[in-house]
Amino acid sequence: IMILFVSGGGHRLNPYNTHQFPTVVILSGPNRQGAVGINCARQLASHSVNTIVFLAPTTTDELPILKSELSLYKLTNNKIITNVENLPVN
């Protein structure tokens with residue numbers, strides 16, 4: 001709920017306010033906190049916020065909760081990137 005307030009609240013998230021619609025980038029690691037970040041991105045996407053999840057590459061096994069959150073986030077059709085060069089510049 002805090003991110004909704006910080007990003008401008010209901011006025012900025014109004015679908016008719018397309019010229020100021022926010023994009024939120026979530027930086028996520030391969031850990032429990034990363035899963036919480038992905039969950040946050042999914043919740044924002046449910047409010048029609050454009051979200052991008054940057055998932056840090058890992059060599060360790062992913063946590064089951066991380067896999068679960070990623071599979072749910074993929075249903076939003078928002079971006080998941082793993083390369084720093086693909087992060088938005090604006």
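Predicted model: local features only at pLDDT ≥ 70, side-chain atom pairs only at ≥ 80, totals over all residues.

Trainee: Thanks! In what pattern do the helices and strands follow one another along the sequence?
Mentor: Start with the inventory: the chain holds four helices and three strands. Reading along the sequence, the pattern is α-α-β-α-β-α-β.

Trainee: Does the end-to-end distance of H3 agree or disagree with its number of residues?
Mentor: Helix H3 covers residues 32-46, which is 15 residues. At 1.5 Å a residue, H3 should therefore span 21 Å. Its end C-alpha atoms lie 21 Å apart, so the two values agree.

Trainee: What sits at either end of H3, and which residue there has a positive phi?
Mentor: At the start of H3, a side-chain oxygen of Asn31 comes to within 3.3 Å of the backbone nitrogen of Gln33. Just after H3, a positive phi of about 65° is taken by Ser48.

Trainee: Which element gives the most to the largest nonpolar core?
Mentor: That core has 12 residues, among them Val24, Ile26, Val53, Leu55, Leu66 and Leu70, along with Ala35, Ile38, Ala41 and Leu44. At least two residues come from each of strand E1 (23-28), H3, strand E2 (50-55) and H4. With four residues, the element giving the most is H3.

Trainee: Is Glu69 buried or exposed?
Mentor: Glu69 belongs to helix H4, residues 64-74. Leaving out residues up to four places away in sequence, Glu69 touches Ala35, Ile38, Asn39 and Arg42. Its relative accessibility is 11%, and the cut-off is under 20%, so Glu69 counts as buried.

Trainee: And Ser46, buried or exposed?
Mentor: Ser46 is part of helix H3. Its C-alpha atom is 7.6 Å from that of Thr76, 30 residues away along the chain. With a relative accessibility of 54%, Ser46 counts as exposed.

Trainee: Which residues does Leu66 contact, neighbours within four places in sequence aside?
Mentor: Leu66 is one of the residues of the largest nonpolar core. Setting those sequence neighbours aside, its contacts are Ser28, Gly29, Pro30, Asn31, Gly34, Ala35 and Ile38.

Trainee: Last one: what share of the chain's contacts with a separation of 6 or more joins residues 24 or more positions apart?
Mentor: The pair Ser46 and Thr76, 30 residues apart, showed us one such separation. Across the chain, for contacts with a separation of 6 or more, the share from residues 24 or more positions apart is 69%.

Note on methods. Residues numbered from 1 in each chain as written. Heavy atoms only, no water. Expected span 1.5 Å × (residues − 1). Polar contact = N/O pair within 3.5 Å; in protein donor to acceptor, adjacent residues only side chain to side chain. Contact = heavy atoms within 4.5 Å. Buried < 20%, exposed > 50% of the residue type's maximum accessible area, 1.4 Å probe, protein only. Core = buried A, V, L, I, M, F, W, Y, C linked by side-chain atoms within 4.5 Å.
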